[in-house]
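Notebook, one sitting. I looked up a domain record, a helix and a loop residue.

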Amino acid sequence: MKEHKARKRFGQNFLQDTRIINDIVNAVRPQPGDVVIEIGPGLAAITGPLAKKLDKLHVVEIDRDIVSRLKTLPFADKLVIHEGDVLQFDFNSVAGKKKIVGNLPYNISTPLLFRLSEVADDVADMHFMLQKEVVERMTARPKTNDYGRLSVMLQYFFEMETLIDVPPESFDPAPKVDSAVVRMIPAKHRIGEAQDFGHFAKLVKQAFAQRRKTIRNNLKDIAADEDLQAVGINPQDRAEHIGPELYVKLSNYLVKQAV
């Protein structure tokens, strides 16, 4: 089979470490009838072991050469190939409670994670290989440097834990960064339920707009000191000192005040 050269524009780094591959598949725990979607199957390092355990495997791939290659594999009859950009893919077009897995292209990981939040209700769990720095931001706690908008927004939807640290030499070509595998399990309203999700999302974005400023300054167009104090937030605190549940509380308080 013709060798596939990794394409930088697609953020391709192909996993080749069999130990890591086995660890990921074991973490996913695929059962024959499961609905599994793999994002970016690449050279099928994870695709093969997953397909072996499943009746059917959905894969989303943008690279036409890889799509052609997937069709020639011994387990091709088990694959349902969705060709195109995963950022445009309709995950709800695949019926059932889904397990989603993938070695995500690092250049689109953040917008893709936000997009996946939208389908959290239809997901059983997700296991992703990501840049380690991104995983640290996703799972960060308040009062740490990694805690930010991504932490709050993803923690609204998911319980998350880092499962495996992956060094650059596990890939070909080797990326310039360390990677990690994260498990994401939907945990609806774990930090409270936003009465107006759009308002909550906008508030969190604004809160972290300028990290060096106090929450009072970042939210001056949205909330007064008394609003912040009413839900237990010190106006002098910075955004990264405030727990995710307080952002939900503040948004609900402001929405209620506006009625």
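Which residues does UniProt list for "domain: Ribosomal RNA adenine methylase transferase N-terminal"? The unreviewed entry gives residues 20-188; UniProt positions are in the numbering used here, feature names are shortened, and annotations may be inferred rather than shown by experiment.

The model is predicted, with local features needing pLDDT of at least 70 and side-chain atom pairs pLDDT 80 or more, while totals for chains, interfaces and linings use all residues. Residues are numbered from 1 along each chain as its sequence is written, and side-chain values use heavy atoms, without hydrogens and water.

I checked residues 20-188: the chain there is 28% helix and 29% strand, and the end C-alpha atoms lie 30 Å apart. Helices (H or I, at least four residues) and strands (E, at least two) are DSSP runs, numbered from the N terminus.

Next I took helix 7, residues 197-207. Its buried residues (under 20% relative accessible area, 1.4 Å probe, protein chains only) are F200, L203, V204 and A207. Seen down the axis, they fall within an arc of 95° and so line one face of helix 7; the arc is taken from the directions from the helix axis to the C-beta atoms. They pack against helix 6 (149-157), helix 8 (215-218) and helix 10 (244-258), contact meaning heavy atoms within 4.5 Å. On the other side, K202 and K205 are exposed, that is, over 50%.

At the N-terminal end I found D196 as the cap of helix 7, with a side-chain oxygen 3.2 Å from the backbone nitrogen of G198.

Last, I looked at P74, in the loop between helix 3 (64-70) and strand 4 (79-83). P74 counts as exposed because its relative accessibility is 78%.

Definitions and conventions
Polar contact = N/O pair within 3.5 Å; in protein donor to acceptor, adjacent residues only side chain to side chain.
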